[in-house]
Amino acid sequence: MARDPDDGAAFVFDLVDDDAADPGATRTVGIDDRDRPDDGEGGDGNGGPAGPGEGTDGLPAGGPASGGQVLTWRRAAPVLALVAVALGTGLGVDGARDAARMDRMREVPGGVADLSVPLGEEWSWAGKVDVGEGTTDVAVLGDALVFESEGELVALDPATGEEAWTVGLGEGAECGPTVSPVWDDPVTPALVCLQERGQDTEVFVVGPDGEASRPRLLDAADTREFGPPHTGPDGTVLRARRVGPEARIPSDVRCDASGECSGSVTAGRDLVLRAEDAVTGAERWRVTVPFRSTEAALCTSTFGSAWGSSGNRVHLIGQLAPDAFGARVRAHLVNVEGCGVQAAVTASGVLLGSRLEPGSSVVGRLDSGGYLGMSWADIARTLMYAADGTTVGEIPGYVITPKATDQVGADTLLAIDEPRRRLAAHDADGSARWDIALQSGGQEFLAQVGETAVITSGAGTVRGLDLATGEERWLWDGSDPDEEADGGYFGTAYVVQAFTDGEVVLLLAEGSGTVARGMVALDAGTGELLWEEAGGARTTLDPHDGDVVRQGVTGDLIAVDGHLLEVGSLGVRGLG
């Protein structure tokens, strides 16, 4: 109910929770609280920790001591909306809209619930996070962050940092697909784990709740026939091997000790990739990647890698290896490469990119469900594939996709045509939308938020472009006027990652000569700088009391269920 305010004061409402243990337990919500929705996670309403004198629910200390439950903002928003409309105000509407936006961003890949205020550490988990290929590789399974750590598969609750579950791993265990959150989408429906059992290998699958299937011993005969096993997408074990006559190395093919090669390998063996159900062993699909004539430089162990383990990353410069191949496995796509073979296979077994040039092409997945096949052998071009693998169009130049999006507007692809010095926008099916002059090289599509495309370039600025027309809406230059021309956040710095809450764009920038990365928060609609945290040394001393203060971000950031986490090799911390 509403209580009449004193003259000049705000209206005050008593909101009663029907499920409260004490029917008299209330929460007081003032009109000025409309911009501080309670996140229900022990925050201050802005995604940060409770302030001095506040309880874990954002109420004054001792508020819940009456014994009743507190009606959170998320539950109160519909009630406030009705009351506010009756009073002729927009309080409840604004609050409900903000709450709905925050809830929606929790479901958006890479989305963060709230970035409106500076981020601080809310919790930390100390322990080793196993790395892969020099990066911190993780997975998002259900609503948890999952990674390997000292013989266990560990899942952390992103809101609290508590271990949601753990799964013990055997000798030589490897679980996947796990990826670096900087470059790939870590969300996966399941993890497949391979581990040693004596002289044999066994496999099991871990689901979102941490429940593991019964380990299955892999048949040695399958390894001889189809190749050694590798963790695959969608609960599969992948196997691959070369087939056909032995590759012939022409006499004019030469590689010196520095790795410089001349000549071409014109005949070689195809690659057969097979996926079997990890639980039952039944074959799900099988595809053949055909061999194509290729430069000798792509037929060395530097380019290709043996299938199966991290040990294959050791390179012997200049050594010809016509049968070498490797793969990068993601939740939706498997990219294979090697001497004369380069292509991608979807999780359902559709072969893509087999006609693109080996060594100068790549296939990626779109959030819309389609795929991109980019090639830059002679002139840059991008093939558009539908979800079923059919080719639906071609775009001149190479396509850049947003690092972050609120998924409100239509999917947008930006294509860079450097010979023509043009930047063009296309719909997800390849249809042209607009075409403008390319201001500089090194463009990156940081975020798509509302009707704005946020891009950066080698010139060191960040621009907001109108998604419908390409017209510049705003320009932000993060360089420090007190430094030389190449100082500041950009110029010598590089935007490593970007996130959005549907209104704010957070940029994680890495500069030369620094350990930690800086964070910059911009209003997506106006380009206004909302807050920033400079990067620098890993730690610094507080000049007042000499305490060690952590400065900047030293790991990789990842969004899980609307929470932003920092992941490093020695632990994880929650930011809010």
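Predicted model: local features only at pLDDT ≥ 70, side-chain atom pairs only at ≥ 80, totals over all residues.
When I say that two residues touch, I mean that heavy atoms of the two lie within 4.5 Å of each other.

T294 sits in strand 22, which covers residues 294–295. Is T294 buried or exposed? Its relative accessibility is 5%, and because buried means under 20%, T294 counts as buried. If we set aside residues up to four places away in sequence, the residues that T294 touches are S264, V265, C299, C339, G340 and P358. Take S264 from that list: 30 residues separate it from T294 in sequence, yet in space the two C-alpha atoms are 5.6 Å apart.

Let me step back to the whole chain for a moment. The protein chain contains 3 helices and 48 strands, and 49% of its 576 residues count as buried. If we consider the contacts with a separation of 6 or more, 46% of them are accounted for by residues 24 or more positions apart. As for the surface, the accessible area of the protein chain is about 26,000 Å², and carbon and sulfur atoms hold 49% of that.

Among the strands, I would like to look at strand 20, residues 270–277, with some care. Of its 8 residues, 7 are buried, so strand 20 is largely enclosed by the rest of the structure. Which strands does it pair with? One of them is strand 16, residues 236–243, which runs antiparallel to strand 20 over 8 bridges, and in this pairing R242 stands opposite L271 of strand 20. Another is strand 21, residues 283–289, again antiparallel to strand 20, here over 6 bridges, with V272 facing T288 of strand 21. Strands 20 and 21 form a hairpin in which 5 residues lie between the two strands, and in that turn G281 has a positive phi of about 85 degrees.

Towards the end of the numbering there is an open sheet of 4 strands, antiparallel in its pairing, with the strand order 4-48-47-46. Its edges are strand 4, at 121–126, and strand 46, at 556–560, each of which pairs on one side only. On average, and with direction ignored, neighbouring strands of this sheet are turned by 25 degrees against each other. Within the sheet, strand 47, residues 563–568, pairs with strand 48, residues 571–575, in the antiparallel sense over 5 bridges, and L565 has G574 of strand 48 as its bridge partner.

That brings me to the disulfides. How many does the chain have? The count comes to 3 disulfides, and with the bonded cysteines counted along the chain, they follow the pattern 1-2, 3-4, 5-6.

One of them joins C175 to C193, with an S to S distance of 2.1 Å. This link is right-handed, with 110 degrees about the S-S bond. C175 belongs to strand 11, residues 174–176, and C193 to strand 12, residues 191–197, so the pair ties together parts that are 18 residues apart in sequence. Both ends are covered: C175 is buried at a relative accessible area of 4%, and C193 is buried at 1%.

Another is formed by C255 and C261, whose sulfur atoms are 2.1 Å apart. The torsion about their S-S bond is about 110 degrees, so this disulfide is right-handed. At C255 the relative accessibility is 24%, which means that this cysteine counts as partly exposed.

The pair I asked you to keep in mind, C299 and C339, forms a disulfide with its sulfur atoms 1.9 Å apart, and this link is right-handed, with 70 degrees about the S-S bond. The pair links distant parts of the chain, 40 residues apart: C299 is in the loop between strand 22 and strand 23 (325–329), while C339 is in the loop between strand 24 (333–338) and strand 25 (341–346). Both C299 and C339 are buried.

Key:
Residues numbered from 1 in each chain as written. Heavy atoms only, no water. Buried < 20%, exposed > 50% of the residue type's maximum accessible area, 1.4 Å probe, protein only. Areas by Shrake-Rupley, 256 points an atom, 1.4 Å probe, with all protein chains shown as cover. Pairing = 2+ DSSP bridges. Axes fitted to C-alpha atoms, helices over the stretch in contact; angles between N-to-C directions. Disulfide = S-S within 2.5 Å.
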